[in-house]
Amino acid sequence: MTTETATDLFEAHRPVLLGVAYRMLGRVADAEDVVQEAWLRWSGSDRADVREPRGYLVRITTRLAIDRLRQIKSRGETYVGPWLPEPYVTDFGDTVPDTAERAVLADSVSLAVLVVLESLSPLERAVFVLREAFGFPYADIAAMLDRGEPAVRQLAGRARKHVEERRPRYDVDPAERRDLTERFLAAAADGDLEGLMALLAPEVRLVGDSGGKSRAPLRVLRTADKVGRFLIGTAQKSLPGLTVRFVEVNGGPAVLILSGGEPDSVLQLDVADGTVQSVYIIRNPDKLRSLAAA
């Protein structure tokens, strides 16, 4: 395998590797670092015996991500206020033509699921990502992690049960989410509390992630009344010159709010039964840098 061929192969698989690393870590910069380290190992290795480059590269990336996740957890990092993953621009384009596969990928990268994955062990998270998001056979996952297949199946079952029990229920139909988001924004901008409340589920929750570096609620807000009044109050205090742009992040439509042309916040809604179930607002400036060119 020539150096040029090795480079082409790696670049062909880069989107998958980045997808695995991001789902493992919930941080774009960390995922990119892991993929870069995977490239260094790939380019410097003896590839003569590599028969399946995709599996080989996913194995390297997964192990590096597990190591990075263990380092993060061992440091016992504290975070000010609620934590949300760093927004990840997703555009499956023509690479995922199958509607069912597209829905699985979108679900596996959603903010709601990634928050739940934070509570899994690194091995459980790796097995869940490889199996549920990318459909790798248990035997392949076992080889990637140097574990027996029965142990991998046990990890997968435990992780799947944990996620199903804890993740909020929501619909993944992008058209419905986009429509509700547009009506949500219009009601908030117009100060229409009654109209906004009509869009919110009675037990809606608002999760704001600022990391203590910008203004956002330091606790999760619950109920339509509290969330609606907070949003109306926030909209009325908004600085002039804000602009909004629709983007696709984490598998669904979201709103990128810019101030002076720079990312100020990202807003995304989870929708079910025609109403807003969850409102996610990410305002930590460290998590918005990758969206500057979105």
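Biologist: Is Glu 124 buried or exposed?
Modeller: In this predicted model, Glu 124 is buried, because its relative accessible area is 11%, and the cut-off for buried is under 20%.

Biologist: Which residue forms a salt bridge with Glu 124?
Modeller: Arg 158 does, and the closest N and O atoms of the pair are 2.7 Å apart. The two residues link distant parts of the chain: Glu 124 belongs to helix 6 (residues 122-133) and Arg 158 to helix 8 (residues 149-166), 34 residues apart.

Biologist: And what does Arg 158 count as in terms of accessibility?
Modeller: Arg 158 counts as partly exposed, with 43% relative accessibility.

Biologist: How many salt bridges are there in the whole structure?
Modeller: The search finds 23 salt bridges. One of these joins the side chains of Asp 209 and Lys 287, at 2.6 Å from N to O. Asp 209 is in strand 1 and Lys 287 is in the segment after strand 6, so this pair ties together parts 78 residues apart in sequence.

Biologist: Are Asp 209 and Lys 287 buried or exposed?
Modeller: Both Asp 209 and Lys 287 are buried.

Biologist: Which residues are linked in a network of salt bridges?
Modeller: The network links Arg 27, Asp 30, Asp 33 and Arg 68. Asp 30 sits in helix 2 (residues 28-43) and is buried, at 16% relative accessible area. Leaving aside residues up to four places away in sequence, Asp 30 touches Leu 25, Arg 68 and Ile 72.

Biologist: Turning to helix 11, which of its residues are buried?
Modeller: Ala 224, Val 227, Gly 228, Leu 231 and Ile 232 are the buried residues of helix 11. They lie on the same side of the helix, because they cover an arc of only 125 degrees around its axis.

Biologist: What do those buried residues pack against?
Modeller: The buried residues of helix 11 pack against helix 9 (174-189), helix 10 (193-199), strand 1 (200-209), strand 2 (221-222) and strand 6 (275-282).

Biologist: Which residues are exposed on the other side of helix 11?
Modeller: Lys 226, Arg 229 and Gln 236 are exposed there. The side chain of Arg 229 also meets that of Asp 225 in a salt bridge, at 2.9 Å from N to O. Both residues of this pair lie in helix 11, 4 residues apart, about one turn of the helix. Asp 225 counts as partly exposed, at 36% relative accessibility.

Note on methods: Residues are numbered from 1 along each chain as its sequence is written. This is a predicted model: local features need pLDDT of at least 70, side-chain atom pairs count only at pLDDT 80 or more; totals for chains, interfaces and linings use all residues. Side-chain values use heavy atoms; hydrogens and water are left out. Buried means under 20% relative accessible area, exposed over 50%, partly exposed in between (1.4 Å probe, protein chains only). Contact means heavy atoms within 4.5 Å. The arc is that of the directions from the helix axis to the C-beta atoms. A salt bridge is a side-chain nitrogen of Lys or Arg within 4 Å of a carboxyl oxygen of Asp or Glu.
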